[in-house]
Amino acid sequence: MRFVPRFTDGQAFPEPLGKIVCVGRNYAEHARELDNPVPNEPLLFIKPATSAVNLESPIAAPSERDDVHYETELALLIGHPLTHASAEEAERAIVGIGLALDLTLRAVQAELKEKGQPWEVAKAFDGACPLSAFLPLVAAPNWSGLEFTLTVDGETRQHGRGADMLFPVPELVAEMSRHFTLAPGDVVLTGTPAGVGKLPRGAELRLELVDGMVVTTRVVD
């Protein structure tokens, strides 16, 4: 079933989900934990709408793979078209904030990177982007003050802070819009902090946007 963007009050967003624009290595410690260089500019890639599923539903990782890794991220819902936008214009176009998992076939990604090939096979498969509902934004929050966490079976695995992003949200979204137009219904993922790891089958996951929202889910065994 196609994912429908909704706000936390249950109201559906008037436009269908579009593309999901992602950034790699937006946290220096995450780049280092995977032995990747820390980038000087955003490393962008796209997940298709078909990769999105409801985060609150049980997560069904590909049954034939045992190398699915979780990456917890802030998700931003775009409400207005953006093309070659300024940071101020980009900030005004964000109408919702939520949580997401950027699921990754890590061994496949490593092989593709070694060959210098694109990552989509490892990042864009069906179900690769569990998304929460979105908190409505009537004004831009303090982006650097945002914090989010992931716990797996009660153990904290990831703790991200907006202040630790290499490319802060307004500038990041503006940069994305310089490469491809962002349309209403598109979603932006803002990168994952250190602590990524294998998605354990049967595990209970708790994702929290501190002082904002909590989402619980489980991984199908």
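Two strands count as paired if DSSP finds at least two bridges between them. Helices (H or I, at least four residues) and strands (E, at least two) are DSSP runs, numbered from the N terminus.

The model is predicted, so local features need pLDDT of at least 70 and side-chain atom pairs count only at pLDDT 80 or more, while totals for chains, interfaces and linings use all residues. Residues are numbered from 1 along each chain as its sequence is written, and side-chain values use heavy atoms, with hydrogens and water left out.

**Stop 1: strand E6**

Select residues 94-101, which form strand E6. Of its 8 residues, 8 are buried, where buried means under 20% relative accessible area, exposed over 50% and partly exposed in between (1.4 Å probe, protein chains only). Ile97 has Leu135 as its bridge partner in E9.

**Stop 2: the open sheet**

Select E7, E4 and E13, an open sheet of 3 strands in the order E7-E4-E13 with antiparallel pairing. Strands E7 (104-105) and E13 (197-198) are at the edges with a single partner strand each, so one side of each has no neighbour in the sheet. Between E4 (residues 68-70) and E13 there are 2 bridges. Look for Tyr70, opposite Gly197 in E13.

**Stop 3: the E14 and E15 hairpin**

Select strand E14 (residues 204-209) and strand E15, which run antiparallel and are joined by 6 bridges. The hairpin has 3 residues between the strands, and Asp211 takes a positive phi near 65°. In a regular strand, side chains alternate between the two faces of the sheet. Strand E15 (residues 213-218) has Met213, Val215 and Thr217 on a covered face, and Val214, Thr216 and Arg218 on an uncovered one. Thr217 stands opposite Leu205.

**Stop 4: the cores**

Keep Leu205 selected and show its contacts (heavy atoms within 4.5 Å). Leaving out residues up to four places away in sequence, Leu205 touches residues including Ile59, Leu101, Leu150, Val152, Val215 and Val219.

A nonpolar core is a set of buried Ala, Val, Leu, Ile, Met, Phe, Trp, Tyr and Cys residues joined through side-chain atoms within 4.5 Å. Which members of the largest nonpolar core touch the most other members? They are Val173, Leu199 and Leu205, out of 50 residues. Helix H5 (residues 169-179) supplies the largest share of this core, 5 residues. Apart from this core lies another, of 19 residues, including Leu77, Val95, Ala100 and Cys129.
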